[in-house]
Amino acid sequence: LRFSHQAGLAARFNEAVAHAEGDYLLFLDKASPVLSEDWAENLLYYAEQSQVGAVGGLVLTENQTVAEAGLRLNPQEGLLPLSRGYPAGSSGYHQSLKVAHEVSALSLQGLLLKKALFKQVGGFNPLFESVYVGPDLCLRLRQADFQLIFTPDAVLKQADVNWLDDGDLMLEKMLFMDIWQDWLEQYDSFYNPNFNQNYSDYRI
């Protein structure tokens, strides 16, 4: 598909979905190569389940550390990447990097979901054009009572994303935090409030 240069990321993906003929949608960044075998099958295993809204994998940096293993909600930053900084191959906190589990949000990197669910929640919000495109969709899936699953069995390489760099993302971040203020002000359902809330690596 060809798009005009004015078309933003969310608008391009929404248009692509309109042309997609399959039952499932997979969103991959060309700068995020897949690093594991059977990654698609592992994502699909969870996405097929009726209670699952979307599933995402483990994202590693160039230095072979964890970039994100799902996302958590944070009232100051909006979102924080889980387990960032753990070495590749680590079991993480209490096996969190070895077993699939539910998380509050997922990024767009390697996101897989049913096309019917994508349409059910209205697709991507065109007001978001970068790192908040996927998480906004995910929270709408959670609003509709679907689960979001992280699986370590689908491994990708990190694209050029920095969740904590406010630069050009400030307006988008503020919009995300305004829309989801009520959710952000609560403790993340999947991150113990006794951990240091300024980080997402399970430190006390």
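Okay, so contact here means heavy atoms within 4.5 Å. This is a predicted model, where local features need pLDDT of at least 70, side-chain atom pairs count only at pLDDT 80 or more, and totals for chains, interfaces and linings use all residues. Residues are numbered from 1 along each chain as its sequence is written, and side-chain values use heavy atoms, with hydrogens and water left out.

Let's start with A105. You'll find A105 in the loop between strand 6 (101-102) and strand 7 (111-114); strands are DSSP runs of E, at least two residues, and helices are runs of H or I, at least four, all numbered from the N terminus. Is A105 buried or exposed? Its relative accessibility is 0%, so A105 counts as buried (under 20% relative accessible area; exposed is over 50%, with a 1.4 Å probe and protein chains only). Leaving aside residues up to four places away in sequence, A105 touches G70, L71, L79, P135, C138 and L148. There's also I149, 44 residues away along the chain, with its C-alpha atom 8.6 Å from that of A105.

Now helix 5, residues 170-179. The buried residues there are E172, K173, F176 and M177. They cover an arc of only 135 degrees around the axis, so they sit on the same side of helix 5 (the arc is taken from the directions from the helix axis to the C-beta atoms). In general, an α-helix has 3.6 residues a turn, so residues three or four places apart point the same way.

What do the buried residues of helix 5 pack against? Strand 5 (78-81), helix 4 (133-143) and helix 6 (181-184). On the face turned away from that buried side, you get the exposed residues L171 and D178.
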